[in-house]
Amino acid sequence: MVTAIAENTATTRGAREHARAQADTRVEGMPTVPAGAWPHPPAGVHADALTWAETVPGGRYTAKVLARGTRLRLTDTTGTACANILIWRADAPWERLSVADTVKVPWQAYIAAGHPLLSDQGRVLATVVADDSGHHDALCGTTTLASNTAKYGAGEAHSGSPAGRELLVLAAAKHGLTPTDVAPSVSFFHGVTVEADGALASTGSAGAECAVELVLHLPCIVAIANTAHPLDPSPTFDTGLLEVLAWRADDDLAALVADTGTDPEYQRAVANSEDAHRAAL
């Protein structure tokens, strides 16, 4: 078979025909373009509303600019995905996700529905609006070249066990950002708890087909590295497939902004986001 392909692609014409023949090929991990061609839109969401549809294999990354009022759903399809997330404001990329503020301002280290993802300027970049996993982490950050090399034997972006920071640096570069813009990230689908003595303990995954959903308050660059958590107890790199879907949901954002029953810290951060949005109109 390999010899036949080599013969078919030995000429420019043969290579072109071979390439065009792959147009409708589907593989496990790939984007769907246009997103509206995704075969299974979320319940109540029309396919035409989808703006992002992609499956991300373990050890790979993705990134996209999303509009204000976008709802983003991440699904751990196998129970072994770990979505390491960074967010920057698309219209002001020097403003980015601050994990420290995301933990400090809401007085809560454990991310769940209702938790804001805050920027370093005191604005809400996104709010977690649905979560049936409950296994997330805002304390450990992602893996590094050194840590993955020590654990798995390699950590480069194109190795069999790429580190989260290596992947996020690549994702950032595709949007004109540098390694200095890659701050600590939040991880979804691999839980961590703080023990009585202050030690961090892995609680692992909640299982296959768990999902978490976010609503964006501002236009943002969202980068996702699907790679093993730093405290993953498995001695082998076996991160599974992550499903990423996004759609316009302006009414969901309006409901968050109008809700007066939330904590005062959250309301202030939302007001800061709304103020920035109105000033830029």
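**Exercise 1.** Which side chains meet in a salt bridge with Glu274?

The model is predicted: local features need pLDDT of at least 70, side-chain atom pairs count only at pLDDT 80 or more, and totals for chains, interfaces and linings use all residues. Residues are numbered from 1 along each chain as its sequence is written, and side-chain values use heavy atoms, with hydrogens and water left out.

Step 1. Apply the rule: a salt bridge is a side-chain nitrogen of Lys or Arg within 4 Å of a carboxyl oxygen of Asp or Glu.

Step 2. The partner of Glu274 is Arg68, at 2.8 Å from N to O.

Step 3. Glu274 is in helix H7 (residues 264-279) and Arg68 in the loop between strand S2 (60-66) and strand S3 (70-76), 206 residues apart.

**Exercise 2.** Find how far apart the closest N and O atoms of Glu213 and Arg71 are, and classify both residues by burial.

Step 1. The closest N and O atoms of this salt bridge are 2.5 Å apart.

Step 2. Glu213 lies in strand S11 (residues 210-216) and Arg71 in strand S3, so the bridge ties together parts 142 residues apart in sequence.

Step 3. Buried means under 20% relative accessible area, exposed over 50%, and partly exposed in between (1.4 Å probe, protein chains only). Glu213 is buried because its relative accessible area is 8%; Arg71, at 15%, is buried too.

Step 4. Glu213 and Arg71 belong to a network of salt bridges with Arg73 and Asp252.

Conventions: Helices (H or I, at least four residues) and strands (E, at least two) are DSSP runs, numbered from the N terminus.
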